[in-house]
Amino acid sequence: MTSSEIRRKFLDFFQKKGHVVVESDLLVPAGDPTVLFTGAGMNQFKEKFMGRNVTYTRAATCQKCLRTGDLDNVGKTPRHHTFFEMLGNFSFGDYFKEEAIRWAWEFLTGEMRISPEKLWASVHVSDDEAHTIWKDRIGISPEKIVKLGDHDNFWPADAPLKGPNGPCGPCSEVFYDKGPAKGCGKADCGPSCDCGRFVEIWNLVFTQFERMPDGRLDELPSKNIDTGMGLERITSVVNDTESNFDTDLFIPITGRVQEITGKSDALTLNLVADHARAAVFAINDGVSPSNEKRGYVVRKLIRRAWLRGNTGKGPFLYSLVPDIANIFRDVYPGIAENAEHIAAVVESEERRFDETLSEAVPVLEEMVSRSGGVLSGEDVFKLADTYGMPVEVIEQMCRDRDARACIEDFEVFMSRRKEESRRGSDISC
């Protein structure tokens with residue numbers, strides 16, 4: 001089943017359940033300065049979750065998302081991404097736990113044709129209601145319903161003890177069991193194990209409380225549903241692939257990366273494909289590479305991908321834009337329409353970074369040789385300040401040369417230089 005079919009089946013399924021299908025918001029959330037990028041399907045519905053401007057009570061989306069919290073894992077694991085699409089269904093004071101659970105089960109076992117024997121569920125340790133629904137109404141055997149605590153099955157994680165204040169609630173996650181052969185072999189292996197056997201595919205959040213300043217959880221008069229299922233992940237599960245990167249969302253890109261660079265290792269192919277997708281979507285939504293906030297994220301993604309795939313033959317990432325545009329032509333036609341502009345922005349950033357490195361790399365290598373493999377904070381500062389080399393690039397290039405950069409000393413040195421600069425700029429009478 002293709003990713004396009006899954007995306008369409010999801011939206012059609014919930015439309016038949018009375019949901020309004022809402023177009024994906026931009027990666028730059030409108031009127032929300034609290035986040036750099038849209039990171040979840042619920043972002044565009046914040047007002048409705050607070051009971052304001054509720055023009056419809058049920059919604060379904062396929063939301064473009066961008067997160068960089070797990071950047072170092074991208075390309076190394078089967079399921080970490082920066083850019084991804086989040087399928088979600090939402091209720092604003094309408095249906096609650098039973099419908100959310102029942103429809104999730106119906107979609108997975110019916111529309112996606114996943115065997116019920118392959119599915120497990122987790123619930124918050126205090127959520128007897130959700131546990132009963134899974135056991136008595138859905139019919140999952142009790143040994144396949146796992147009770148977990150605040151960190152795993154509450155949203156936001158650890159909110160009862162740590163906050164933040166505001167709407168929150170327990171959640172229930174649905175897991176796909178890839179089978180004992182894919183696991184660690186331990187007798188107690190289950191959804192909370194990180195061996196890779198169990199894949200979390202859907203999170204159902206039951207927003208039923210408001211956390212008060214004193215830590216008290218008060219019942220909300222109007223309860224909401226907020227769910228999220230990654231398109232990349234469900235596409236991998238439905239097609240029984242080893243990795244999200246082995247689906248039609250990535251194969252045309254990774255194949256093109258291999259063709260252009262001549263590299264075939266999975267880390268390079270996956271990281272470059274992931275970062276290129278993220279940069280293309282961000283640029284299409286109006287974010288250009290720069291040294292400030294959102295622009296810096298895009299610049300960082302392009303430079304990380306360039307470093308990983310670079311063969312010394314100049315820019316190459318920009319040539320991936322048509323392949324990415326083609327994958328998403330039907331659902332996000334704007335990328336194809338803006339492909340020439342997007343490619344020009346990416347190529348310009350590649351050339352700028354290539355010029356920076358051509359000057360800085362020989363200096364870094366001389367520093368590493370002279371220092372015995374440990375780059376001082378002052379050296380890191382010089383590379384960053386004089387040559388414009390990003391600190392994370394310095395770290396990566398040191399690792400590639402079995403060396404280490406003293407980032408802690410760099411930060412101390414940087415603070416000292418800023419203070420000296422501030423004092424030097426004071427005007428005395």
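The model is predicted: local features require pLDDT of at least 70, side-chain atom pairs count only at pLDDT 80 or more, and totals for chains, interfaces and linings use all residues. Residues are numbered from 1 along each chain as its sequence is written, and side-chain values use heavy atoms, with hydrogens and water left out.

The chain holds 16 helices and eleven strands. Both are DSSP runs, numbered from the N terminus: helices are H or I with at least four residues, strands are E with at least two. The radius of gyration is 24 Å, close to the 22 Å given by the globule rule for 429 residues, so the chain is as compact as a globular protein of that length. The radius is taken over C-alpha atoms, and the rule is 2.2 Å times the number of residues to the power 0.38. Along the principal axes, the C-alpha atoms fill a box of roughly 70 × 60 × 50 Å.

Of the 429 residues, 50% are buried. Buried means under 20% relative accessible area, exposed over 50%, and partly exposed in between (1.4 Å probe, protein chains only). The accessible surface of the chain is about 20000 Å², and carbon and sulfur atoms contribute 47% of this area. Areas come from the Shrake-Rupley method with a 1.4 Å probe; for residues, only the protein chains shown count as cover. Among contacts with a separation of 6 or more, 69% join residues 24 or more positions apart. A contact means heavy atoms within 4.5 Å. The chain carries 54 positive and 68 negative charges, whose mean positions are 0 Å apart. Lys and Arg count as positive, Asp and Glu as negative; His and the chain ends are not counted. Each charge is placed at NZ of Lys, CZ of Arg, CG of Asp or CD of Glu.

Helix H7 spans residues 231–238. Six of its eight residues are buried, so H7 is largely enclosed by the rest of the structure. The buried residues are Leu-231, Glu-232, Ile-234, Thr-235, Ser-236 and Val-237. Asp-240 is exposed, at 61% relative accessibility. In helix H14 (residues 377–387), Gly-377, Asp-379, Val-380, Phe-381 and Leu-383 are buried.

Most residues other than glycine have a negative phi, and most peptide bonds are trans. Asn-53 is not a glycine, yet has a positive phi of about 55°. Asn-53 lies in the loop between helix H2 (46–49) and strand S2 (58–66). At 55% relative accessibility, Asn-53 is exposed. The peptide bond from Trp-155 to Pro-156 is cis, with omega near -10°. Pro-156 sits in the loop between strand S6 (154–155) and helix H6 (159–162). A cis bond also joins Gly-163 and Pro-164, with omega about 10°. Pro-164 belongs to the loop between H6 and strand S7 (166–177).

The disulfide count is zero, where a disulfide is a pair of cysteine sulfur atoms within 2.5 Å. For Cys-62, the nearest cysteine sulfur is that of Cys-65, 8.6 Å away. Cys-62 is buried, with a relative accessible area of 7%. For Cys-189, the nearest cysteine sulfur is that of Cys-195, 3.6 Å away. Cys-189 is buried, at 12% relative accessibility.
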